[in-house]
Each structure stands twice: as structure tokens, then as C-alpha cells.
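The model is a predicted one.

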Amino acid sequence: MSNISMDTIDITGEAPLEEPQRQYYYMAAAKKKIGEASKKLGRPLTFCVNTFGCQMNARDSEKLVGVLEEIGYEQADSEQADFVIYNTCTVRENANQRVYGRLGYLHSLKKKNPHMMIALCGCMMQEPHVVEKLKKSYSFVDLIFGTHNIYKFPELIATALDSNRMVIDIWKDTDQIVEDLPSERKYPFKSGVNIMFGCNNFCSYCIVPYVRGRERSRNPRDIIREIEALAADGVAEIMLLGQNVNSYGKTLETPMTFAALLREIEKVEGIQRIRFMTSHPKDLSDELIQVMKESKKICPHLHLPLQSGSSRILEKMNRHYTKERYLQLVDKIRAAVPDISLTTDIIVGFPQETEEDFLETLDVIRRVRYDSAFTFIYSKRTGTPAAAMEDQVPEEVVKERFDRLLKEVQEISRETSSRLTGTVQEVLVEEVNEHDNSLVTGRMGNNLLVHFPGDASMIGKLCRVSLDECKGFYYMGTAIKDEG
Ligand code: 5AD
Ligand code: SF4
């Protein structure tokens, strides 16, 4: 949460121009409005934040929640709320379709609740054709903003509260990073921490560089300060977030490597586990492997997107590595951190992918034996170089390859997941088990879940757990009593 008190802000004068003070001014103004509306209605006003897409969006949504709570809304447990915001994703077309589909439902809710406000933000809003469509066919939406100005949410919501027209504010790009705005964590004991924004890689299929803008690294001092504050607030595990964490620090005034940043973060007392995502294979350095090997806090897990096992397709994807280099990198990582869990992303059906190319992907899967893999059907994103490539692969062919890939990935994953049976592992307890409240559910360093007897008092604590039985993709276990 923030350390600036809303009630001490003077909102009778002009809004300050500097940030974040300007946003605090608008939060105070919005809070007054929400307070008055709630008094009139005789009930609190409620909100619902619905997040689509990646961890980056999940973290952004915590910032939206932080602002909404600060200005006096209360969290609702469904979309039957007074303020509903969708934080959208556009990495694949089906994510867009889901948003359009759900907007129809929101419209029906709004007809029943005249106080309801509907807002849309996130990656999908950075696409001009989306905003055009919303203006034309979804005029009941109250507020639309993008990824670059999310820090302006208080100002935008204050404007929307004062307006009965659709408020739209989309920026093409930004070089600004605004620190010190409120955020409300979903979990008390773990948190995402942005270390950089945007992406400069322009993989030829990917829309992210267009909607998230150029790569910008946060200042290491700001990152450490945030992590120290999280540790002081009881956070044991952090996930460092960036589209390509391995190129962290290149654009800073005083450049710094990701490995060097990790060494600094490791020193923060109270933080017990460090995770990060995502790593681009082309930038994964020997220095990082060394830091992972020496670290007591970095989890033995690496998400290393392969995308394709065919060097020919990798070149068309603009990935800057070959099948052989990727496999060498995996060998090097495993030699340094033998029990590391490796996970990946794979795209099937990239333009011009042949059966031979696909077999190369299967070959890498069989050689690396990933702990798990996210598999995606290639989705054509307007404006990316791949969308204009000839020979898009027919749908039936892609579907057939996708099913073969999924079967292979799942079989391997089931086998690799069970390799820890009978060992004792550290588990961070996350919650009381949803189906059986005599059990708790926690996560191991390699990201797999474990269910074992326990109670709510264990949430947020690291326990040593004996892994008794592997049930496919999770374990049943027993906590080991500490000897002292
Ligand atoms: N089609 C399918 N999958 C995609 N990804 C990114 N862009 C596309 C696309 N156009 C996948 C990549 C990336 C993950 C986050 O999403 O595998 O690593
Ligand atoms: Fe997209 Fe490639 Fe950047 Fe990842 S590294 S966000 S796949 S352009």
C-alpha cells in the first residue's frame, strides 16, 4: 500500500503536474466522489478486476486493485459490481474474442445497474482496430486506456466519474516509469516485481513489442527498495517480471546485468525464494547460470521458451538461436544446476512449418524432457511480420500436429514430475486445500504443487515435506517435524 494519506491532500486547488503526486490528487478527488455516491445509495460501491493473460498483467491488476481500494470501492466476488475493469491480453486472437464475448454479458448487467461503470485496459487496447470496434459497437463502455499510461488510472477514473461519454486515453509508447503508486497484493506471502517493461526483440509472430513498447529497465535501487518493503510486509517469495529478463539493465544510464541484479536481490533479508520470468535463450549468460548455481534463494526452475525446434523456423521467427545452440544451453544449465526444472513455450503451425520442422520440435522435446510445456497454436497477429508471410499452415494440419505435441509433452511431463517421489523438499504453503480442509496446498521450488496435512496457520511458511506419492502433476506428502 501507499504511505501517502489521502485525507491530507488538498483537492480544492489545481492538480499538481509532477508524478506520482498528481495521481494521489486524483485519488483523493475520486475518493470524495465515491464516498458521496455510497452515502446516497446507502451501501458501499463495489469493484471487480478481471485479468486476462500473463503474470505481467496479473501484477498490473494488483495496481488497479490498490487504486480502487484506496478510493473507497470494496471488492465484489463477481462482475455484478459498480465498477468492472478487464485487463486484457492480445497475444493470441482467442484472448480478444473472449473479451468481446464477455462484454455482451457486462452490457446486460449495466442495464440493470445504472451506476455501473465498465473499463477496459491492457494490451488489446493498444491495437487501433480494437478501439475503433469498441467505439462503434460497444458504446456502453465508460473508460478505455492502454499499457503505457496505467499509472494514470486514478486520473482517468476521476475523469470518467465526471463524464457521461466514453473516456479514451491510449499512448503509442512511453519512456516513463512512475514509481510509488499503491498496489494490493493477491497473496500476502508472495509477489511479482516488475524489473522491466516492454520488449525489443520483435519475434516475427509476436505483438508484444507493439503493444508494450520499447524495453525499459527499472532502476535497481527502486527494485531493491520495493523488495525490501515487501520483505518487511511478510513476503517470502518474489517473482521478477519482464518480457526478457536476461536483457535487464542494458538501457540503464549505468548498465547492469540481470545476474548482478540477482546478486543484490539475494542479499535482501526475509526474502527466501526468488523466481523470474521470462528468459530469452539468446541472452542467457554464463554469469546468470553461475549465479543460479551459487544462490540459496533462486528457485531451481527456468522457463526457457523454445517456440520451435527447427532452426529454419527459428530463423523466420527472428529468435536468434538454432536448435543446436538451444540444446547446448540446456546441457550447460543442467551441468551447473543438475536438478533444475525446465519449462517452455512452443508454437505449432508457424507459417511454412513443414512436417520435418515439426519433427525437429518433437525431437527437442524428447531430448530436453521438459517438466512442463505451454503449447500454443500459432495465431496470426495483424501488423506482425509473420502475418504477411506466405504459406500459412492449414488449420487441420496444425490441429493434428498440436494434438501430437500435447500428447508427447504430457507423457514426458508426467514422467519427469514423478522423479522426486520419496525425497524431502521445501514447500511454501499457499492455501488450505479447496476440496479437503484437513490439507494445505503448497509449491515447491520447481513450481509443482504438493498437498499435505496441515492448517491455515501454515500459510506463507516454508515447510519441509516428504513427497509420498506423485499423482500426475502434483504430489501428496507429509510435513517433516523440525528437529530443532
Ligand atoms: N501465436 C501463438 N502463440 C504466441 N505466443 C506469442 N505470440 C504468439 C502467437 N502469435 C506465445 C509464445 C510466447 C507465449 C507467451 O505466447 O510461445 O512465449
Ligand atoms: Fe514476444 Fe519475443 Fe518479446 Fe517474448 S521475446 S514478448 S515472444 S517479441
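In this predicted model, a polar side-chain atom of Asp 345 lies 2.7 Å from an oxygen atom of ligand 1. Gln 307 likewise places a polar side-chain atom 2.6 Å from an oxygen atom of the ligand, and for Arg 92 the corresponding distance from a polar side-chain atom to a ligand oxygen is 2.9 Å. Taken on its own, ligand 1 has 400 Å² of accessible area, of which the protein covers 85%.

**Shell around ligand 1**

- Two elements give two or more residues each to the shell, namely strand 13 (341-348) and strand 14 (372-377).
- Besides Arg 92, Gln 307 and Asp 345, the residues around the ligand are Val 91, Tyr 205, Ile 347, Phe 376, Ile 377, Tyr 378, Ser 379 and Arg 381.
- By class, the shell consists of six nonpolar, two polar and three charged residues.

**Second largest pocket**

- The volume of the second largest pocket is about 1,100 Å³.
- Its lining comprises 40 residues, and those closest to the pocket centre are Arg 59, Lys 63, Asp 180, Leu 181 and Glu 226.
- Helix 2 (55-70), helix 5 (153-161) and helix 7 (220-232) are the elements that give two or more residues to this lining.
- The lining divides into 17 nonpolar, nine polar and 14 charged residues.
- Domain 1 (6-169) and domain 2 (190-418) each supply at least three residues to the lining of the second largest pocket.

**Backbone geometry**

- A cis peptide bond joins Glu 19 to Pro 20, with omega near 5°; Pro 20 belongs to the segment that precedes helix 1 (21-41).
- The peptide bond from Met 277 to Thr 278 is also cis, with omega near 10°. Thr 278 is located in the loop between strand 11 (273-277) and helix 9 (286-294).
- Phe 202, a residue other than glycine, has a positive phi, near 50°. Its place is in the loop that runs between strand 8 (196-197) and helix 6 (208-212).

Key
Residues are numbered from 1 along each chain as its sequence is written. Chains are lettered from A and ligands numbered from 1 in the order in which they are written. This is a predicted model: local features need pLDDT of at least 70, side-chain atom pairs count only at pLDDT 80 or more; totals for chains, interfaces and linings use all residues. Side-chain values use heavy atoms; hydrogens and water are left out. A residue is near a molecule or strand if one of its heavy atoms lies within 4 Å of it. A polar contact is a pair of N or O atoms within 3.5 Å; within protein, one must be able to donate a hydrogen and the other to accept it, and residues adjacent in sequence count only if both atoms are side-chain atoms. Accessible areas come from the Shrake-Rupley method with a 1.4 Å probe; for residues, only the protein chains shown count as cover. Helices (H or I, at least four residues) and strands (E, at least two) are DSSP runs, numbered from the N terminus. Ala, Val, Leu, Ile, Met, Phe, Trp, Tyr, Cys and Pro count as nonpolar, Asp, Glu, Lys and Arg as charged, and the others, Gly among them, as polar. On a 1 Å grid over the protein atoms alone, a cavity is a set of points where a 1.4 Å probe fits but cannot get out, and a pocket is an open set with protein on both sides within 12 Å along at least five of seven lines; lining residues have an atom within 4 Å of a point. Grid points are joined across faces, edges and corners, and a volume is the space filled by probe spheres set on the points. Domain bounds come from an automatic or database domain assignment.
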